[in-house]
Amino acid sequence: QVLLVFAEEDDQSNGFRWACDKAGFRCHIARTPQSALECFLDKHHDIIIIDHRHSRYFDAEALCRSIRTTKASENTVIICVVQRHTDREESSILPLISAGFTRRYVENSSRMACYNELIQLEFGQVQAQFKLRACNSLFTALEKSQEAIEITSEDHVIQYVNPAFETMMGYQIGELIEKELTEVPINEKKADFLDTINSCIKIGKEWQGMYYAKKKNGDSIQQNVKILPVIGQGGKIRHYVSISRLCNDNNKVEKTCECIQAESQTDTQTCRHKDMRKGSLDVRSTTSRGSDGSSQRRRSSMARVHSMTIEAPITKVINIINAAQESSPMPVAEALDRALEILRTTELYSPQLGTKDEDPHTSDLVGGLMTDGLRRLSGNEYILSAKQTHQVAGSLSSPISLNDIPPRITQAMENEEQWDFDIFELEAATHKRPLVYLGLKIFARFGICEFLNCSESTLRSWLQVIEANYHSSNSYHNSTHSADVLHATAYFLSKERVKQTLDPIDEVAALIAATVHDVDHPGRTNSFLCNAGSELAILYNDTAVLESHHAALAFQLTTRDGKCNIFKNMERNEYRTLRQVIIDMVLATEMTKHFEHVNKFVNSINKPLAALEENGNNGDGESIKTVLRSPENRILIKRMLIKCADISNPCRPREQCIEWAGRISEEYFAQTDEERRQGLPVVMPVFDRNTCSIPKSQLSFIDYFIIDMFDAWDAFADLPNLMEHLNNNIKYWKGLDGRNLRVLRPPP
């Protein structure tokens, strides 16, 4: 609110009035000192502008002094409008300051000049006064605090103590203010102990511990004290805040939600370093209005929240470390602090790429596969519609029976139980329809029809519908990739350790999830879809867009037509369980949580099993069974299984590995081409078909995503042949890269 005090209307007053309207400020006009004072006491304006150009009307300085005598003007900005003199020397502003004016304004009736003045005031003095006004609330909180609070300057001169401090120590505030700490014999500890405290707080660290303090009457009391340095002007420590509370009868400190307990010691004190958080105060939160009733209700709610026993596992870990810090020497306490910093981050499982000399291929792969894009939409939206027409059972020709498979296809599938099975030979024999044939054979081997209580013809129809909804135009994400992942999944399911772990329903879910895990894939990454503003990205809120679509569409295609509904004869609860496992496994193929899945697998399964073996419990079946069969660990194993199956290309025989590398590179090249055509952010710039080094990109992918994951999976499932292929393929790509070749194969 603005109050204009002008005896007469003129261009200057009109300029300020127009400026108030433009700025959206409420404006009042007073013509006399009496009406100005009455209006101010009624409205409590933030800005008062007084005309000081014509003394014959009223004394502007006397009016300002009158306003300043009121309590309401404490945070008011008062402006003095003075005449412009070009023919005499500039006069001093000190008399105006003495009268109580905040600043002067040399007359300028230009509307924009008046408007600019008001805007500068709003974001300068007025905003500063708002913050000062909020300080009253903060001091009220300090005054009512039950903890003793003392604030000193950087030179340890006492500047404030609250009533609780006066009560605890027996001093009156007047006896302490402006006194140096050394003048007040409060701390009984030795000089070297004070040096220990100072060594902490002078480098910006918080100190917490116990010491004995002496009251004014000479009595000694034991306190739990926390001393916090406050960073101010110039990034230097400008104040110290000391928060003290008396210890109870058992010489232990009451717990609070925010304070770490210090160990009760008489002779040995622990100096604990903690990084100070340079937080800022939100003034709006301290000036918010509310009734006494609402305040009481909120306090009651907060008390209930603090008494809740719900605790996340990570919270328990942090609390355990906090407790361990209490009795730890300083180096250990500092190390635990660093551990706590890491644990409190949101991305607990994702490694951080270095900022120097980082591999651009790795950076682009991480950016392209592990993020949801830059979320910068273009005018040309990429259309992959959730309402897109999909192939259904009725629109497809009737598939053949497993018993009627042509000899060439039968021959191509002869060794499908072996890891070295050639999926590309089957792709050629089936004219790019390998999923139906391989699916029929693998599902028959695992007795899927018997488990689902469905006919072979229903299964055939379902496989054909799913395969028809893979895009054969994609160089990589087509039904051959799906068949390859299905084959790897079946191979892993046949390993002894996996068979010990999973139930029949898990095996069924894994094979179905592998079959559908990329259905209707557009040949573009999640980042691309998010950047392009595709309908699917909007539908799934830019989160696991493709994986959510694959899982949802798979069930839509399956259940919309009884001819291909392989679930139609299942009991309801069993179907819900199966559906839940399938969805979880498909979503696990999303790469943003890659490191979370791998790290959880290592810590929950690999390490406990290794510990059992080291302790000589290798033959203890019950102990191993406890690790393997817990519901949580079975989920981790299923996720790891499909993840390894999904990106197992580097562990295939060399020629298959090379073929897959060429196909995924071509798909990424096509995406980069389209991003440039549409003016979208290029999420993987190294995949430029004119400059990309395929060996480098493969080595980066293997190094960042594959090695650790397959080391963990091999330790669990025992896969020496896969690891041998992986090592051979790494040598192959390094050989090409060492010769500076950017292609898939060396020249003849």
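Analyst: What follows looks at one aspartate, then at a helix and two further residues, and ends with the chain as a whole. This is a predicted model, in which local features need pLDDT of at least 70 and side-chain atom pairs count only at pLDDT 80 or more, whereas totals for chains, interfaces and linings use all residues. Residues are numbered from 1 along each chain as its sequence is written, and side-chain values use heavy atoms, with hydrogens and water left out.

Asp518 sits in the loop between α20 (504-516) and α21 (526-532); helices here are DSSP runs of H or I with at least four residues, strands are E runs of at least two, and both are numbered from the N terminus. Asp518 counts as buried because its relative accessibility is 7%, where buried means under 20% relative accessible area, exposed over 50% and partly exposed in between, with a 1.4 Å probe and protein chains only. Although buried, Asp518 has no salt bridge, and the nearest side chain of opposite charge, that of Lys643, is 12 Å away. A salt bridge requires a side-chain nitrogen of Lys or Arg within 4 Å of a carboxyl oxygen of Asp or Glu, and in assigning charge Lys and Arg count as positive, Asp and Glu as negative, while His and the chain ends are not counted.

The side chain of Asp518 does make polar contacts, one with the side chain of His481 at 3.1 Å and one with the side chain of His550 at 3.3 Å. Such a contact is a pair of N or O atoms within 3.5 Å; within protein, one must be able to donate a hydrogen and the other to accept it, and residues adjacent in sequence count only if both atoms are side-chain atoms. Leaving out residues up to four places away in sequence, Asp518 touches Tyr470, His477, His481, His550 and Asp646, contact being heavy atoms within 4.5 Å. UniProt, in an unreviewed entry, lists Asp518 under "binding site"; its positions are given in the numbering used here, feature names are shortened, and annotations may be inferred rather than shown by experiment.

Turning to helix α15 (residues 434-445), nine of its twelve residues are buried, so it is largely enclosed by the rest of the structure. The buried residues of α15 include Pro434, Tyr437 and Phe443, and what covers them includes α18 (479-493) and α20. After α15 comes Gly447, whose phi is positive, near 65 degrees.

Ser648 lies in the loop between α27 (631-646) and α28 (654-678) and is buried, with a relative accessible area of 0%. Apart from neighbours within four places in sequence, Ser648 is in contact with Trp419, Asp484, Ala488 and Phe710. Ala610, in helix α25 (residues 594-614), is partly exposed, with a relative accessible area of 31%.

For the whole chain, the secondary structure comes to 30 helices and ten strands, and 47% of the 748 residues count as buried.
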